[in-house]
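Here is a short report on a two-chain model. Keep the structure open while you read.

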Amino acid sequence: MSEAKTLTYYPGCSSQGSARHLDESLRAVLPKVGIELDEIDDWNCCGASVGHIGGCQKPNLALTGRTLAKAQQKGTRDVVTGCAACYLNTHSGAEKIKADVKTRTQINTALREAKLSYDADLRVRHICEVLVNDVGIDRIASQVTNPLTGLKVAGYVGCQTVRPFAGTEGGGKFDATDEPTFLDDFTRACGAEALAFSNKTSCCGASVAVMSPDRTLPLIKTILSEAQEAGADVISTPCPLCQTNVEMYQAAINRKWGTKFQIPVVFYSQLMAVAFGMAANKEAALQRNTIAPTALAALARPEGAK
Amino acid sequence: MKALPEVSAVPYDLGFARWVRDNIQGGELLSLCMQCGVCSGSCPIGVQMDYGPRKLFMMIRAGMKEEVLRSNTLWNCTSCYRCVVRCPRGVPVTYILQDLAAKSAELGYASKGTENVNFARSFWWSARFYGRTDERLITARYYFTFGLKEGLRRALENLSIAVGMIRTGRMHMGMPRRIKDRRGLKAILAKARELELGE
């Protein structure tokens with residue numbers, strides 16, 4: 001892929017809040033590897049992992065229907081998102097609407113209330129899958145001007161980025177659900193060291209961690225313990241909620257178990273931004289991590305330098 | 001959705017498995033379950049569940065409607081989908097649990113103060129009203145669904161997290177983000193619900 005390719009972009013709600021640094025770093029690095037993002041006009045929430053409980057199944061699917069209808073107006077077949085929950089919901093919603101005529105008719109009946117329609121022809125993709133299949137690891141490596149030599153990275157993929165669609169026809173033949181390698185490939189392409197990490201796809205507790213941390217702190221502790229024993233400078237992840245959960249609950253875990261975790265959790269795209277020679281804050285958005293990734297920041301080019 | 005079979009005096013409702021098959025997303029594939037237990041063994045949070053998915057599915061077959069719809073199994077699923085990708089019979093375990101949870105809340109089986117239900121309703125309020133989820137408002141609203149005292153306790157307990165989010169610019173301050181066509185979204189959601197109730 002040599003020319004720039006424009007993809008319809010669904011940033012998701014976390015891009016305006018807790019995961020701004022994912023959105024900001026993606027917008028910085030993707031043009032370097034030939035991907036231009038064209039944001040969906042007036043996109044809405046995907047429903048995440050609780051919409052069906054709060055609003056019931058059909059209205060929850062209608063949320064996805066509306067975003068897809070707005071995406072369709074962009075005229076490209078591929079819709080991409082960097083958020084695991086947006087990907088899971090929108091991808092599975094698109095498949096449901098496509099597979100079942102009755103569902104498609106119902107969703108379109110609902111969409112007509114706002115003068116919208118959806119033809120069920122869009123392909124919903126995860127940005128990581130696009131990076132693996134369309135861009136390629138070699139092209140990512142070719143953009144590295146500031147290799148992250150010596151940085152030890154624990155690649156924490158999380159669940160929903162690779163489950164349940166990785167390796168399926170609809171999911172774009174994308175890595176494995178239990179032992180994915182793409183995140184470590186990104187790390188190595190950036191010149192950093194990818195540590196062996198067996199909790200790659202162990203769950204962080206997702207929204208249950210937000211509503212009742214006591215139920216899920218042990219899950220996060222398992223992830224942190226392995227990263228610490230492996231000597232990780234940073235944990236890298238593609239998932240907005242994994243990033244927030246694993247970062248923000250370290251203090252609570254330390255209080256509860258007397259541990260001393262203080263491990264920065266960054267997005268793969270922040271690693272790429274630094275490795276591409278971009279500014280630590282303006283482009284890599286490192287100032288947005290509540291646990292400062294000092295080892296990574298030390299490798300970054302001074303602000304404003306080219 | 002059809003109405004649930006009437007509550008009977010006997011603990012076993014033999015029509016329940018059929019109701020699950022006809023009304024629960026993925027329920028038509030439940031009969032493929034061979035009780036191997038890969039789902040329960042794979043579950044990251046199974047130790048906290050009243051019953052793992054395997055046992056819950058057998059209880060559905062046995063007609064234990066009350067125990068199934070009131071079990072905390074439905075509220076501990078984190079939607080990691082490990083059971084879905086590992087099930088040797090292709091049973092969509094997570095999807096079934098999610099819809100059982102939705103129906104448990106809708107039909108009033110979830111006990112008052114179930115965290116997931118309160119959280120989900122706070123979440124949906126933001127999604128429906130603004131078209132976006134405002135993490136700050138959802139969390140605050142959720143905390144205070146437990147009353148003023150408990151709300152304050154939870155808010156204080158998480159104060160340092162909130163401060164960190166504000167400091168790094170990750171908690172949106174000011175007016176909530178919202179979509180332009182909020183009226184259209186509300187109409188879409190209302191229509192979708194109307195169609196669902198008519199099924």
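The sections below cover the model, the sheet, the domains, the chain contact and a few single residues.

## Model and numbering

This is a predicted model: local features need pLDDT of at least 70, side-chain atom pairs count only at pLDDT 80 or more, and totals for chains, interfaces and linings use all residues. Residues are numbered from 1 along each chain as its sequence is written, while chains are lettered from A and ligands numbered from 1 in the order in which they are written.

Helices (H or I, at least four residues) and strands (E, at least two) are DSSP runs, numbered from the N terminus. Two residues are in contact if their C-beta atoms, placed from the backbone, lie within 7 Å.

## The sheet of chain A

Chain A has an open sheet of 4 strands in the order S2-S1-S3-S4, with parallel pairing. Two strands pair if DSSP finds at least two bridges between them. Strand S2 (35-39) and strand S4 (123-126) of chain A are the edges, each pairing on one side only. On average, neighbouring strands are turned by 45 degrees against each other, direction ignored. Axes here are lines fitted to C-alpha atoms, for helices over the stretch in contact, and angles run from 0 to 180 degrees between N-to-C directions.

S1(A) pairs with S2(A) over 5 bridges, in the parallel sense. There, A:Tyr9 stands opposite A:Glu39. Strand S1 (residues 5-9) of chain A also pairs with strand S3 (residues 78-81) of chain A, parallel, over 2 bridges. A:Thr8 has A:Val79 in S3(A) as its bridge partner. Helix H6 (residues 127-135) of chain A packs on this sheet and touches S1, S2, S3 and S4 of chain A. The direction of H6 makes about 90 degrees with that of S4(A). S1(A), H1(A) and S2(A) form a right-handed β-α-β unit. Right-handed means that, with the strands pointing away from the viewer, the path from the first strand over the helix to the second runs clockwise.

## Domains of chain A

Chain A splits into domain 1 (5-127) and domain 2 (137-299). Such bounds come from an automatic or database domain assignment. The two domain centres in chain A are 24 Å apart, taken over C-alpha atoms.

Across the boundary, 25 residues of domain 1 of chain A are in contact with 29 residues of domain 2 of chain A. On the domain 1 side, helix H1 (20-29), helix H4 (84-99) and S4 of chain A each supply at least two residues. H1(A) gives the largest share, 8 residues. This side of domain 1 has 13 nonpolar, 7 polar and 5 charged residues. Ala, Val, Leu, Ile, Met, Phe, Trp, Tyr, Cys and Pro count as nonpolar, Asp, Glu, Lys and Arg as charged, and the others, Gly among them, as polar.

## Chain B

Chain B has 12 helices and 0 strands. Its C-alpha trace spans about 55 × 40 × 35 Å along the principal axes. The domain assignment gives domain 1 (16-106) and domain 2 (115-197) of chain B. Their centres, over C-alpha atoms, are 28 Å apart.

Of the 199 residues in chain B, 42% are buried. A residue is buried if 20 or more other C-beta atoms lie within 10 Å of its own, exposed if 12 or fewer, and partly exposed in between, with C-beta atoms placed from the backbone. B:Leu56, in helix H3 (residues 53-62) of chain B, counts as buried because it has 23 C-beta neighbours inside 10 Å. Leaving aside neighbours within four places in sequence, B:Leu56 is in contact with B:Tyr51, B:Val68, B:Ser71 and B:Thr73. B:Leu56 and B:Val68 are 12 residues apart in sequence, yet 6.5 Å apart in space, C-alpha to C-alpha.

## Where the chains meet

In all, 51 residues of chain A are in contact with 56 residues of chain B. Several helices of chain A each supply at least two residues to this side, including helix H2 (51-55) and helix H10 (213-229). H3(A) gives the largest share, 6 residues. The chain A side divides into 21 nonpolar, 22 polar and 8 charged residues.

## Backbone points to check

The peptide bond from A:Arg163 to A:Pro164 is cis, with omega near 0 degrees. A:Pro164 lies in the loop between strand S5 (152-155) and helix H8 (182-189) of chain A.

Phi of B:Tyr81 is near 65 degrees, a positive value in a residue other than glycine. B:Tyr81 has 24 C-beta neighbours inside 10 Å, so it counts as buried.
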